[in-house]
Amino acid sequence: MNAKRTDKIATGVLYVLSAIIVAILAFLLIYILVKGLPHVSWEFLTTASNPLTGGGIAVQLFNSVYLLVVTLIISVPLSLGAGIYLSEYANQKHWLTSWVRSAIEVLSSLPSIVVGLFGMLIFVLQLGLGFSVLSGALALTVFNLPLMTRNVEESLRAIPTPQREGGLALGLSKWETTTQIILPAAVPGIITGIILSSGRVFGEAAALIYTAGQTNLPIDWANWNPMSLTSPLSLFRPAETLAVHIWALNTEGTIATAQQISAGASAVLIIFVLLFNLGARFIGNRIHKKLTSGH
């Protein structure tokens, strides 16, 4: 068999494997959306859940978005600092750098249920935060930090070395070169990674069952005092998210409409995850064009 024929066969096999992956994803998406979208309505999205009649998913949807925002506020600065250190300052042959990379790899391989149990033991019980938005956000930070740190580091490493040398040649310090030249050039990749990790966090359930809780207190939407447990902005109230609500409906749901609500909530969840992924590509491309003066 000649090289040209071998190349064609190998290329064909790769195309077939890629098509199988796309077909599996398309089947899952179509199945979830076809089954769930008929149960989605404006009332479904804007009314609170009811243990007797089922109700909607307004509170769970808000909790998911709010938890995501709090998680990003905590995890983005940490991952940005760690990524800059590993990419620009760390001695790649030093034992400390090796230990940091090993810690990141171990954290990224932890099952989310283990992160949830760790969060319950440390944040819920030891720190006394209870089942709350803050406990859930801290657990999600542990879950999300390795992915975001690795994304920041890879985005910074993708910047050509001559740009670093150019900044130093102009008399800029190492910090000024990093913050004024390297970091702005890496912004599109960093933002893309943040949005993609947001989609992953938005659909997380196992880590939140033991930290954010499986119940909701009555929320007073007119109360914007973050210290009040009835305020939607409170960090110390239990917060059942959309993914946890779906899990609860399928495992503990006793109402007649549990399956319909679960299907509708699943469709909403998958739409948000799709929006995160499509938005990451769109926003990343727009920022890249703006920074590079592209049209």
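In this predicted model, one cavity of 30 Å³ or more is present, and the largest cavity has a volume of about 40 Å³. Its lining is formed by Ser64, Leu67, Leu68, Leu140, Val201, Phe202, Glu204, Leu208 and Thr241, a set that comprises six nonpolar, two polar and one charged residues. At least two lining residues come from each of helix H3 (58-89) and helix H8 (174-202), and H3 makes the greatest contribution to the lining of the largest cavity, with three residues.

Leu67, one of the residues lining the largest cavity, also belongs to the largest nonpolar core, in which Leu67 and Leu242, of 32 residues in total, touch the most other members. This core draws at least two residues from each of H3, helix H6 (133-157), H8, helix H9 (206-209), helix H10 (242-252) and H11, with H11 giving the most, namely seven residues. When neighbours within four places in sequence are left aside, Leu242 is found in contact with Ile57, Gln60, Leu61, Ser64, Ala265, Val268 and Leu269; of these, Ser64 is also part of the lining of the largest cavity. Another core, of 10 residues, lies apart from the largest one and includes Leu156, Ile159, Ala186 and Ile190.

Helix H11, which spans residues 258-291, also contains Asn277. This residue is classed as partly exposed because its relative accessibility is 36%, a value that falls between the limits of 20% for buried and 50% for exposed residues. The C-alpha atom of Asn277 is separated by 23 Å from that of Ile104, and the two residues are 173 residues apart along the chain.

Note on methods:
Residues are numbered from 1 along each chain as its sequence is written. This is a predicted model: local features need pLDDT of at least 70, side-chain atom pairs count only at pLDDT 80 or more; totals for chains, interfaces and linings use all residues. Side-chain values use heavy atoms; hydrogens and water are left out. Helices (H or I, at least four residues) and strands (E, at least two) are DSSP runs, numbered from the N terminus. Buried means under 20% relative accessible area, exposed over 50%, partly exposed in between (1.4 Å probe, protein chains only). On a 1 Å grid over the protein atoms alone, a cavity is a set of points where a 1.4 Å probe fits but cannot get out, and a pocket is an open set with protein on both sides within 12 Å along at least five of seven lines; lining residues have an atom within 4 Å of a point. Grid points are joined across faces, edges and corners, and a volume is the space filled by probe spheres set on the points. Ala, Val, Leu, Ile, Met, Phe, Trp, Tyr, Cys and Pro count as nonpolar, Asp, Glu, Lys and Arg as charged, and the others, Gly among them, as polar. A nonpolar core is a set of buried Ala, Val, Leu, Ile, Met, Phe, Trp, Tyr and Cys residues joined through side-chain atoms within 4.5 Å. Contact means heavy atoms within 4.5 Å.
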